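My notes follow the structure.

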Amino acid sequence: MPRLVEREFDVIVIGAGAAGENAADRVVQGGLTAVLVEAELVGGECSYWACMPSKALLRPGTALHGAQAVPGASEAVTGTLDAAAVLKRRDSFTSQWQDTSQVEWVEDAGIELIRGRARISGERSVKVSGLDGDDYALTARHAVVLANGSTPNRPPVDGLGEVEYWGTREATSAKEVPGRLGVLGGGVAGTELAQAFARLGSTVTLVARSGLLRNFPAEAAQLVAAGLRADGVELRLDTKTRSVHRNSDGSLTLTLDGGDTVTVDKLLVSTGRHPALEGLGLENVGLTAADGKPLAIRTDSTGLVAEAAGNDDGPWLYAVGDAAGKVLLTHQGKYEARATGAAIAVRAKGELHGEPEPWSRFAHTADEHAIPNVVFTDPELANVGRSLEQARKDGYNASSVELPIEVAGSSLHARNYEGWAQLVVDEDRKVLLGATFAGPDVAELLHAATIAVVGEVPLDRLWHAVPSYPTISEVWLRLLEKYGL
């Protein structure tokens, strides 16, 4: 018989990924007690199956290509990627899928850890089926925080449920490089992993129902598409996959619109993710899914969950990161978690009532205005804030200025450097609403743009931020000059 262990904490955090760790750390820094409940590895998706291993797979190919694009260095490059060495380096970034160091950090931060599966049983109440065989009945004095991440979508493809295929977890933890890889999905993860495996030696076919990276400006996405094609990736865009079946030799055959077929050794399905809210017991606090739709929640600027039982009278249920469903990016989830943890701590002291002021340390204001995002392909794609279309849809009197990245710094950086940049401007206030950069190594341009958007730096002041010569950042000056400054 399992033993029932009853415990009480100030804050219970469900999920010990990056967002959960940050939420727990902030409430402990605020003088409260906290427990993390985690059924898998402490550190979560980003540490073991997403951000870190995927970038570790991508970086060697980018470094090699970078050397090949610089005369003098290219003559010294005589080999190709060593796939085994790349996979070994990837393994080191996941700590061999062991979470010992993460657990030590949790303990050193003064946070307790319970390994198990959590389910909300009522207001401020959580039941945990412990991996140690015990059951836990946990009570939160102040708050429960949902930080349990997201789960992959499965597209409606006939036969997909009857075959074995890779999700991003299986791809980023692969022990060998398949000869032929099919990728379903033209979003960030599918695009990155298609290029990573192509450079490791796979023959890759990417199939997407719509265009590649369709949430980014077309000019930027086209540069990434050209980079993938240069690596031998076959792009089947605006193409629907009708079915998939397993062949006698273990390979898989995809049937596409029009009857075309593609046969692969492994299939990666990367068609988006949704908050992992099923099975959490949210129905016990009045949160249920609409007919025929997946369960979704709404949160305010502190992460407080709307319509949860008791939340109006005494705030207690919060959500951060992917679980909140606003922005499925690790860095933004950590940002939300820090603000939410700080808000919980001050509410526990009676020092915060209602919603905080925008841009305070308790509010997720950047979620509405300045979400930075990088696609770590080669060339890279980086953007922050609103696109021109989004800005106009949101009611701004917006304009844009764009141009190729053709400055001294880019010509020095690589032979035949190709890049593109765009600024989106609020014409009424003369401040930036967004920025996009595409090209080799443009990710390092992004934080300057993020600061400009968050700080609402007037363009006539931004013009005085002189870029060092000769760097790729000189594109900032060219953009502002084209705008008319």
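This is a predicted model: local features need pLDDT of at least 70, side-chain atom pairs count only at pLDDT 80 or more; totals for chains, interfaces and linings use all residues.

These notes cover a helix, a loop residue and a sheet.

Entry 1, helix α1. I then checked burial: 10 of the 12 residues of α1 are buried, so the helix is largely enclosed by the rest of the structure. Among the buried ones I listed Ala18, Gly20, Asn22, Asp25 and Val28. I looked for what covers them and noted, among others, β1 (4-14), β2 (34-38), α5, β5 (135-146) and α9 (330-348). Just after α1, I found Gly31 with a positive phi of about 95°.

I placed Asp99 in the loop between α4 (83-93) and α5 (100-108). Buried or exposed? I count Asp99 as buried, because its relative accessibility is 7% and the cut-off for buried is under 20%. I traced its side chain to the backbone nitrogen of Val42, at 2.9 Å. Leaving aside neighbours within four places in sequence, I found Asp99 in contact with Glu40, Leu41, Val42, Tyr48 and Arg115.

Entry 3, a sheet. I looked up an open sheet of 3 strands and read the order as β10-β11-β12, with antiparallel pairing. I marked β10 (241-246) and β12 (261-264) as the edge strands, each pairing on one side only. The twist averages 20° from one strand to the next. Between β11 (residues 252-256) and β12 I found 4 bridges. I noted Thr261 in β12 as the bridge partner of Thr255.

Methods:
Residues are numbered from 1 along each chain as its sequence is written. Side-chain values use heavy atoms; hydrogens and water are left out. Two strands pair if DSSP finds at least two bridges between them. Helices (H or I, at least four residues) and strands (E, at least two) are DSSP runs, numbered from the N terminus. Axes are lines fitted to C-alpha atoms, for helices over the stretch in contact, and angles run from 0 to 180 degrees between N-to-C directions. Buried means under 20% relative accessible area, exposed over 50%, partly exposed in between (1.4 Å probe, protein chains only). A polar contact is a pair of N or O atoms within 3.5 Å; within protein, one must be able to donate a hydrogen and the other to accept it, and residues adjacent in sequence count only if both atoms are side-chain atoms. Contact means heavy atoms within 4.5 Å.
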